[in-house]
Amino acid sequence: MDFDTTFDELYEALFRYCHRLTGDPDLADDVAQEAFVRFYQGEVIGTPAGVRVWLFRTATNVVRDRHRVETNRARLLEANPVSPARPEAADRRVERTEEIAAVRRALDALNERDREMLLMKHEGFSYREIAAAVDVAAASVGTLLARAEARFVVAYEAGQEDSDASR
């Protein structure tokens, strides 16, 4: 069946159906277009009546899917409300930027394995995963991390002292 002919013949009826189904003309237009996109991409074949049924069923499924997504989104937002972000105060932003730079300098002062292990730990890797990634025995990861953390603290504090001396 020719796409252009099918579109010309069925779009208005499909739009009306979607509008009645959703109550929103913009959403109805989006749904009708989505059904026709799927029709075009899927290379649906059949009788004109069969294609009409396919388009209306597809539009109905699109509406159901969107409703399901909106319901889930509303449920998640209710369970985890998002409060509007307040602009960060300029002095706090400067402090945070300086803190990030200090942490970066301390990480850069570490050897590659210590840096990788600390960052993996921070990202929630298990000891077994860290061991596999840096090619060490899983039993030694705890000790290696403790030593890496100690070296990080020393490097961080040294950076803070240098920063204080330059002020």
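In H1, the residues Thr 6, Leu 10, Ala 13, Leu 14, Tyr 17, Cys 18, Leu 21 and Thr 22 meet Val 51, Arg 52, Leu 55, Phe 56, Ala 59, Thr 60 and Val 63 in H3, where contact means heavy atoms within 4.5 Å. Sorted by class, this contact of H1 with H3 has 11 nonpolar, 3 polar and 1 charged residues. Here Ala, Val, Leu, Ile, Met, Phe, Trp, Tyr, Cys and Pro count as nonpolar, Asp, Glu, Lys and Arg as charged, and the others, Gly among them, as polar. Helices (H or I, at least four residues) and strands (E, at least two) are DSSP runs, numbered from the N terminus.

Before going on, a word on the source. This is a predicted model, in which local features need pLDDT of at least 70 and side-chain atom pairs count only at pLDDT 80 or more, while totals for chains, interfaces and linings use all residues. Residues are numbered from 1 along each chain as its sequence is written, and side-chain values use heavy atoms, with hydrogens and water left out.

Now for the geometry of that pair. The axes of H1 and H3 come within 10 Å and cross at roughly 35°; axes are lines fitted to C-alpha atoms, for helices over the stretch in contact, and angles run from 0 to 180 degrees between N-to-C directions. The crossing of H1 past H3 is right-handed. A crossing has that hand if the near helix is turned clockwise from the far one by less than a right angle, and is left-handed if anticlockwise.

H1 also packs against H2. Their axes come within 8 Å and cross at roughly 140°, again in a right-handed crossing. The contact of H1 with H2 has 16 nonpolar, 4 polar and 1 charged residues. Among those that meet are Phe 3, Phe 7, Tyr 11 and Phe 15 in H1, and Phe 36, Phe 39 and Tyr 40 in H2.

How many aromatic pairs does a search of the whole structure find? The search finds 12. Rings of Phe, Tyr and Trp (its six-membered ring) pair if their centres lie within 6.5 Å, and planes under 30 degrees apart count as stacked, over 60 as edge-to-face and the rest as tilted.

Take Phe 3 and Phe 39 as an example: their ring centres are 5.8 Å apart and their planes are at 25°, so the pair is stacked. Because Phe 3 lies in helix H1 (residues 3–22) and Phe 39 in helix H2 (residues 25–42), the pair ties together parts that are 36 residues apart in sequence. Phe 3 counts as partly exposed at 24% relative accessibility, whereas Phe 39 counts as buried at 3%; buried means under 20% relative accessible area, exposed over 50%, partly exposed in between (1.4 Å probe, protein chains only).

Phe 7 and Tyr 11 are also stacked, at 4.9 Å centre to centre with 25° between the planes. These two are 4 residues apart in helix H1, so about one helical turn separates them. Phe 7 is partly exposed at 30% relative accessibility, and Tyr 11 is buried at 15%.

**Further along the chain**

The axes of helix H5 (residues 112–122) and helix H6 (residues 127–134) come within 10 Å and cross at roughly 150°. H5 and H6 are therefore roughly antiparallel to each other. Angles over 145 degrees count that way, with those under 35 roughly parallel, 65 to 115 roughly perpendicular and the rest oblique. Arg 113, Glu 116, Met 117, Met 120 and Lys 121 in H5 meet Ile 130, Ala 133 and Val 134 in H6. By class, this contact has 5 nonpolar, no polar and 3 charged residues.

Is Asp 114 buried or exposed? Asp 114, which lies in helix H5, is buried, with a relative accessible area of 1%. Leaving aside neighbours within four places in sequence, Asp 114 is in contact with Ala 148 and Arg 151.

Asp 135, in the loop between H6 and helix H7 (141–166), is exposed, with a relative accessible area of 72%. The phi of Asp 135 is near 60°, a positive value in a residue other than glycine.
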